[in-house]
Amino acid sequence: QVQLVESGGGLVQAGGSLRLSCAASGSIASVNTMAWYRQAPGKQRDLVARIITGGSTNYADSVKGRFTISRDNAKNTGYLQMNSLKPEDTAVYYCNAEIRRMWPSRTDSYWGQGTQVTVSS
C-alpha cells in the first residue's frame, strides 16, 4: 500500500508564506515525477508545479517567481514553498506523484488527500 500525506496548509494573510509537504510512504521502489495541483471552489483542478526525478521543474504562469517546488529523494518527500501569497491562491492543494512499487513492480499515479490554503486580503 502506498500513501501520500500532505501537511502545511492553513490561513495566512496576503503577502505571507506557507510551506506544504507531501510524504510518500509504503512499499516504494522509487518516486518519479512529483507535482502539486490546486482546486478552488467551482473550478477545475489545475497544475501548480511539477518536479521530475532529476530536479527539472515547471510552474504555472500564475505562480512563477513566488512558488518553489523541491524534493528530498532520500525521504520520498516533496515540498511547495509559497511566498507572496495572494487571495487568488486560495484553494485545496493536492500532491500527486508517480510511484513505482516494490511488489508488484508497477508504476501508478497517486494523490494526497488535499490541504486547504486560505489567503485573506
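Mentor: Two rings of Phe, Tyr or Trp, the last represented by its six-membered ring, count as an aromatic pair if their centres lie within 6.5 Å. With that cut-off, a search of the whole structure, which is a predicted model, finds 1 aromatic pair.

Trainee: Rings can also lie under a charge, so to speak; over which rings does arginine 45 sit?

Mentor: The general idea is that the end of a Lys or Arg side chain must be within 6 Å of the ring centre and within 35 degrees of the ring normal. In this model arginine 45 lies over the face of tyrosine 94, at 3.6 Å from the ring centre, and the charged end of arginine 45 also sits over the ring of tryptophan 111, 4.8 Å from its centre.

Trainee: Stepping back to the whole chain, how many helices and strands does the protein have?

Mentor: The secondary structure comes to 0 helices and 11 strands, and reading along the sequence gives the pattern β-β-β-β-β-β-β-β-β-β-β.

Trainee: What radius of gyration does the protein have, and what would a compact globule have?

Mentor: For 121 residues a compact globule would have a radius of gyration near 14 Å, and the protein has 14 Å, which agrees. The C-alpha atoms fill a box of roughly 50 × 25 × 20 Å along the principal axes, and buried residues make up 39% of the 121 residues. Among contacts with a separation of 6 or more, 55% come from residues 24 or more positions apart.

Trainee: In which order do the strands of the open sheet stand?

Mentor: The open sheet has 4 strands in the order S1-S3-S8-S7, with antiparallel pairing. Strand S1 (2-7) and strand S7 (67-72) stand at the edges, each with a single partner strand, so one side of each is left without a neighbour in the sheet. From one strand to the next the twist averages 15°.

Trainee: How many bridges join S8 to S3 and to S7?

Mentor: Strand S3 (residues 18-26) is joined to strand S8 (residues 77-82) by 6 bridges, the two running antiparallel, and 6 bridges likewise join S7 to S8, again antiparallel.

Trainee: Which residues of S7 lie on the covered face, and which on the uncovered one?

Mentor: In a regular strand the side chains alternate between the two faces of the sheet. For S7, the covered face holds Phe67, Ile69 and Arg71, while Thr68, Ser70 and Asp72 make up the uncovered one. As for S8, 5 of its 6 residues are buried, so this strand is largely enclosed by the rest of the structure.

Conventions. Residues numbered from 1 in each chain as written. Predicted model: local features only at pLDDT ≥ 70, side-chain atom pairs only at ≥ 80, totals over all residues. Heavy atoms only, no water. Pairing = 2+ DSSP bridges. Axes fitted to C-alpha atoms, helices over the stretch in contact; angles between N-to-C directions. Phe/Tyr/Trp six-rings, centres within 6.5 Å; stacked < 30°, edge-to-face > 60°. Buried < 20%, exposed > 50% of the residue type's maximum accessible area, 1.4 Å probe, protein only. Rg over C-alpha atoms; globule rule 2.2 N^0.38 Å. Contact = heavy atoms within 4.5 Å.
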